[in-house]
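I opened this entry to keep a record of what I looked up in one model. The notes follow the order in which I checked things.

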Amino acid sequence: MPRAEPETRISEAAGMPAEAQRTKAEDQRPKEGEGILDGSIHTFVLRSGRITEAQRRAIERFGPKYIIPFTGAPLDPDSLFADKKPLVLEIGFGMGQATWKIAQARAQFNYLGIEVHTPGVGRLIIDLERHGLENVRIIQHDAIEVLKVMIPPESLAGIHIFYPDPWPKKRHHKRRLMQDAVVALMAAKLVAGGYLYFVTDIEEYASYAKASLDSCAALKNQYESYAPRQEWRPETKFEHFAKDSGRGTFELLYIKGSPS
Ligand SMILES: C[S@@+](CC[C@H](N)C(=O)[O-])C[C@H]1O[C@@H](n2cnc3c(N)ncnc32)[C@H](O)[C@@H]1O
């Protein structure tokens, strides 16, 4: 006997007409924010990208100095650094080229970089060692989970999101980092006056992100619409690719207001 399709079985078991059964199935599809916060949908794909010998050695030798293990318990940000400074979080630093340059140029902040990709972690550690930077720490884990469980509320002076994966297909929009539920989570972690700085070369994603940021009552756009380039943000390879392909850069800078 052929196996029944799951949908048919639901319908038969519930004794529902086909239309009602279809509506029920639609109701069961993930809604905006669902899945992304419980970890069943991810904003990244774990690639088995090749790690160089130098990156592997850097992690082995200097990892304990820079890498904070994902513990699932709230962090005390001040305990991570010798000098207490306001903390800026970067989500998805890639190879960390903007991370170390910003940490060097804006040394008045400490930085916590989050990335899932091992070669990027190794590359950033090489640069931190090479430039003697003491104000960067790394967590190699899903940034959404880190935000949820390790970052205390109102503890971040800033959040950087540069060239996040755009997930251009409509059916993948639920994997985007910039969506209402994640923006609300990020806003909750900023101190009053803290900033969220987002940059992409994909205009459609920029406007999608802007809609989420605009709908978050805690955040206020610092500009009429898109922001000008902040002069302290270095270009990364994604920006070079974008320019070579004739695409522009879309920047958004929002500040968290004080509770009224
Ligand atoms: C397109 S790359 C951009 C890298 C870098 N920001 C740049 O401008 O060069 C996006 C990066 O975000 C990382 N990423 C995406 N979602 C993440 C998440 N939830 N947690 C940690 N890293 C994430 C990916 O592994 C990838 O390296």
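I began with the ligand and found 21 residues around it, the closest being Phe44, Gly92, Gly94, Ala143 and Thr236. A residue counts as near a molecule or strand if its C-beta atom, placed from the backbone, lies within 6 Å of it. I sorted the shell by type and got 12 nonpolar, six polar and three charged residues. In this sorting Ala, Val, Leu, Ile, Met, Phe, Trp, Tyr, Cys and Pro are nonpolar, Asp, Glu, Lys and Arg are charged, and the others, Gly among them, are polar.

I note the basis of these entries. The model is predicted, with local features needing pLDDT of at least 70 and side-chain atom pairs counting only at pLDDT 80 or more, while totals for chains, interfaces and linings use all residues. Residue numbers start from 1 along each chain as its sequence is written.

**Overall content.** I listed nine helices and seven strands in the protein chain. Helices (H or I, at least four residues) and strands (E, at least two) are DSSP runs, numbered from the N terminus. I then looked up burial: 32% of the 260 residues of the protein chain count as buried. Buried means 20 or more other C-beta atoms within 10 Å of the residue's own, exposed means 12 or fewer, and partly exposed lies in between, with C-beta atoms placed from the backbone. For contacts between residues at least 6 apart in sequence, I noted that 82% join residues at least 24 apart. A contact requires C-beta atoms, placed from the backbone, within 7 Å.

**The sheet.** I traced an open sheet of seven strands, with mixed pairing and the order S3-S2-S1-S4-S5-S7-S6. Which strands stand at the edges? They are S3 (136–139) and S6 (219–221), each with a single partner strand, so one side of each has no neighbour in the sheet. Averaged over the sheet and ignoring direction, neighbouring strands are turned by 20° against each other. Two strands pair here if DSSP finds at least two bridges between them.

I next went through the pairs. S1 (residues 87–91) and S4 (156–162) run parallel and are joined by three bridges, with Leu89 opposite Ile159 in S4. S4 and S5 (residues 190–200) also run parallel, over six bridges. Gly158 has Tyr195 as its bridge partner in S5, and Ile161 has Phe198. S5 and S7 are antiparallel with six bridges, and Phe198 stands opposite Leu252 in S7. S6 and S7 are antiparallel with three bridges; there Lys220 stands opposite Ile255 in S7.

In S4, six of the seven residues are buried, so the strand is largely enclosed by the rest of the structure.

**Helices.** For H7 (180–189) I listed Val182, Val183, Met186, Ala187 and Lys189 as buried. Seen down the axis of H7, these residues fall within an arc of 160°, so they line one face of the helix. The arc is that of the directions from the helix axis to the C-beta atoms. The buried residues of H7 pack against H6, S4, S5, H8, S6 and S7.

For H4 (residues 97–105) the buried set is Ala98, Thr99, Trp100, Ile102 and Ala103. Their cover includes S1, S2 (110–114), H5 (118–130), S3 and S4.

**Loops.** Most residues other than glycine have a negative phi. Glu154, not a glycine, has a positive phi of about 50°; Glu154 sits in the loop between H6 (143–149) and S4. Glu154 is partly exposed, with 13 other C-beta atoms within 10 Å. Tyr163 also has a positive phi of about 50° and is not a glycine; its place is the loop between S4 and H7. Is Tyr163 buried or exposed? Tyr163 is buried, having 21 other C-beta atoms within 10 Å.

My last entry is Leu46, in the loop between H2 (18–27) and H3 (53–66). Leu46 is exposed, with 10 other C-beta atoms within 10 Å. Leu46 and Thr118 are 72 residues apart in sequence and 9.5 Å apart in space, C-alpha to C-alpha.

Note on methods. Axes are lines fitted to C-alpha atoms, for helices over the stretch in contact, and angles run from 0 to 180 degrees between N-to-C directions. Two residues are in contact if their C-beta atoms, placed from the backbone, lie within 7 Å.
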